[in-house]
Amino acid sequence: DYTFFEEPTYEKHYHHMEIVDAEDVGQSQKFYDYSEKNVFEKTKSPLVKSKPIDKKLEPSLKWKNVGLPAFQDDKAANKVIQEEKENRSVVPESKKKANILPPGPIKGQSVSKRKVSEKSDEISESSSESEEDEEEPERHQEGNTDLPSEYWQIQKLVKYIKGGNQTATVIALCSMRDFNLAQETCQLAIRDVGGLEVLINLLDTEEIKCKIGSLKILKEISQNSQIRRTIADFGGLQIMVKILDSPDKDLKCLAAETIANVAKFKRARRTVRQHGGIKRLVGLLDCVPLGSANLTPHQEKDIEVARCGALALWSCSKSTKNKEAIRRAGGIPLLARLLKSPHANMLTPVVGTLQECASEPSYRLAIKTERMIENLVKNLSGENEELQMHCASAIFKCAEDEETRDLVRHHGGLQPLATLLSNSENKELLAAVTGAIWKCAISRENVTKFREYKAIETLVLLLTDQPEEVLVNVVGALGECCQEPANRAIIRKCGGIPPLVNLLTGTNKALLVNVTKAVGACATEPENMMIIDRLDGVRLLWSLLKNPHPAVQASAAWAICPCIENAKDAGEMVRSFVGGLELIVNLLKSENKEVLASVCAAITNIAKDEENLAVITDHGVVPLLSKLANTNNDKLRHHLAEAISRCCMWGSNRIAFGETKAVAPLVRYLKSNDTSVHRATAQALYQLSEDPNNCITMHENGVVKLLLGMVGSTDETLQEAAAGCIANIRRLALATEKAKYG
């Protein structure tokens with residue numbers, strides 16, 4: 001009446017698996033007598049997941065050439081392999097559907113995606129010293145979430161590494177590398193069972209093979225941001241920096257590559273610097289000339305060491321202090337030499353380091369003086385898009401300098417930049433290329449070349465459906481190109497004005513600064529101004545005066561000036577903006593010199609309309625302008641004097657300027673070295689001299705002597721204003737004498 005059931009076979013395996021470390025410590029001493037070859041050659045076949053129990057398991061071919069003569073006869077070695085086979089074939093149900101938390105929390109975000117996102121972050125900022133140091137949000141493994149078999153298999157291998165002798169450790173390390181260590185599950189399995197600490201401890205041993213095996217695993221799993229931090233916490237970076245002094249070149253390569261992965265966050269970069277890592281890494285760059293033919297294997301290994309050193313320096317160079325440390329260690333000439341390499345895998349980290357460091361003036365000067373521009377330009381024409389991106393980014397940062405812009409043109413760099421604009425799919429490359437074009441276009445000779453290469457038409461096409469980092473550069477480039485009348489016509493004919501006006505509604509500060517400059521430049525052409533006015537562009541510019549960023553306010557005010565100058569009925573247009581005049585007058589209270597200069601220029605244009613001049617006078621423009629008179633900034637002096645000159649044309653404003661003590665400071669402007677300041681000031685003084693009290697103030701401050709020298713100027717406007725002012729003062733003097741003496 002009773003039915004008996006056999007106990008499931010997996011239970012037996014389960015019990016066997018639980019006896020993990022019982023015999024590990026007592027493994028045969030013979031393990032130490034075996035020599036090993038190619039133990040660490042990484043298998044390229046993907047990890048095969050757990051297979052059914054009844055399938056026959058074969059030993060991994062990886063062990064065939066290990067070089068252990070009596071391997072098959074050794075009980076301890078057979079035990080390691082046998083247990084590993086059993087682990088891969090069976091994972092107990094109780095562990096598959098674990099109702100416990102693993103020792104450490106599993107933290108989110110896929111490694112491969114993380115790496116890509118970190119790379120894209122590096123393009124937009126020249127230095128990442130202030131890069132975020134926040135931990136990623138943690139996610140704990142759900143109680144009944146399935147853990148893959150690899151998780152438990154790797155944890156068993158870590159226990160072998162902990163308890164085994166040298167050979168067992170080496171075999172376990174090799175076996176661990178059979179797994180796909182790029183998978184987050186495998187990485188976290190190592191961390192959760194304490195494997196990271198064991199792997200780092202192995203780096204402090206005298207066994208080269210154990211060190212190499214450990215570094216190969218650390219190099220793979222350190223792609224994970226959380227594991228990077230744990231390695232740093234356990235002091236792994238300090239040990240790896242010491243390994244850079246090792247005579248073994250394989251060890252040096254692996255240590256440098258692992259440092260390159262770990263030094264992706266600020267604290268790790270600081271640790272590398274503080275423990276002498278920068279100097280050691282720079283030392284790795286010193287290898288034979290890369291163009292040499294018939295290199296020996298020894299020399300080829302030196303070149304590989306240099307490549308790994310460049311990778312590590314690339315990661316470290318995101319810190320401002322590390323950039324200086326690289327320079328002091330003599331890294332610049334070594335990087336310049338490696339830049340002549342014909343191999344993209346060497347060039348990418350070298351140029352990546354250079355473009356990262358190019359945010360510092362000392363590096364920009366060195367890139368120019370060490371003749372690196374030629375090599376950067378040469379690599380723009382290659383096939384490797386990542387390399388092209390870094391070369392363009394380096395040019396972008398260096399081309400603020402006029403001589404560098406000329407060198408880019410001289411070495412033929414403008415045409416490949418224009419050609420690369422057509423690659424609109426790769427946004428990182430496009431951002432770097434458009435940035436380089438923007439900075440190169442500051443030179444008028446380069447703008448002429450870009451027009452020849454049809455770059456302006458392509459830039460107009462990029463005004464829509466692009467990320468902001470690309471748009472900022474595209475609009476910046478168009479803003480520079482717009483300084484030439486022929487290019488303004490090209491932009492209009494290509495339909496570029498409507499998308500430019502549309503961008504005025506954005507919120508990105510850098511984009512708004514550039515787009516206001518471009519719209520303002522376009523507005524100098526009456527035909528363009530008609531389109532801007534029709535699209536309500538002037539109202540949008542005026543609304544940007546309320547933007548909280550001073551740079552945007554200033555750029556908008558500068559753009560408003562040509563709009564008023566070229567609009568058909570400018571006075572009526574300005575009055576149509578409700579509260580617009582009060583807004584611009586109130587900006588005279590700003591503390592930013594550029595905002596003040598641009599607003600004074602705008603007021604000069606607004607005041608050309610008598611009705612508008614009356615309105616801004618009512619809003620208190622005279623005392624606000626007078627308050628700015630005591631300035632040493634020549635740009636502000638120029639536009640302030642013009643605004644005062646124009647505002648004198650209404651009512652009793654001349655008298656009001658005298659009463660608010662604006663006259664005496666204006667006289668001092670005539671001592672400036674800027675001729676434009678002289679012209680504007682002479683005109684203002686001429687207008688103010690219509691009031692007798694102002695003439696007295698001017699005379700007391702020695703204006704006559706200063707103006708007499710300007711009467712002989714070649715500038716007719718200055719000449720007439722100076723003579724007119726002297727004439728008014730002289731008339732007053734004559735009238736006073738006549739009244740006094742009859």
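I searched the whole structure for salt bridges and found 27. I note at the outset that the model is a predicted one.

**Entry: Asp 233 and Arg 267**

I looked up the pair Asp 233 and Arg 267, whose side chains meet in a salt bridge at 3.1 Å, N to O. Asp 233 belongs to helix 10 (residues 225-233) and Arg 267 to helix 13 (residues 266-274), so this pair ties together parts that lie 34 residues apart in sequence. I then checked accessibility for each partner. Asp 233 is exposed, its relative accessible area being 53%. Arg 267 is partly exposed, with a value of 27%.

**Entry: Glu 400 and Lys 439**

I turned next to Glu 400 and Lys 439, where a salt bridge joins the side chains at 2.9 Å, N to O. Glu 400 sits in the loop between helix 21 and helix 22 (402-410), while Lys 439 is in helix 24 (residues 427-440); the pair therefore ties together parts 39 residues apart in sequence. For Glu 400, I recorded a relative accessibility of 48%, which makes the residue partly exposed.

**Entry: Asp 536 and Arg 539**

I also looked up Asp 536 and Arg 539, and their side chains form a salt bridge at 2.5 Å, N to O. Asp 536 counts as partly exposed at 33% relative accessibility. Arg 539 likewise counts as partly exposed, at 40%.

**Entry: Ser 393**

Finally, I examined Ser 393, which I located in helix 21 (residues 385-398). The relative accessible area of Ser 393 is 2%, and because buried means under 20%, I classed the residue as buried. Which residues does Ser 393 contact, leaving aside its neighbours within four places in sequence? I found Gln 355 and Ala 432. With Gln 355 there is also a polar contact, made between the two side chains at 2.9 Å.

Technical notes. Residues numbered from 1 in each chain as written. Predicted model: local features only at pLDDT ≥ 70, side-chain atom pairs only at ≥ 80, totals over all residues. Heavy atoms only, no water. Helix = DSSP H or I, 4+ residues; strand = E, 2+ residues; numbered from the N terminus. Buried < 20%, exposed > 50% of the residue type's maximum accessible area, 1.4 Å probe, protein only. Polar contact = N/O pair within 3.5 Å; in protein donor to acceptor, adjacent residues only side chain to side chain. Contact = heavy atoms within 4.5 Å. Salt bridge = Lys/Arg side-chain N within 4 Å of Asp/Glu carboxyl O.
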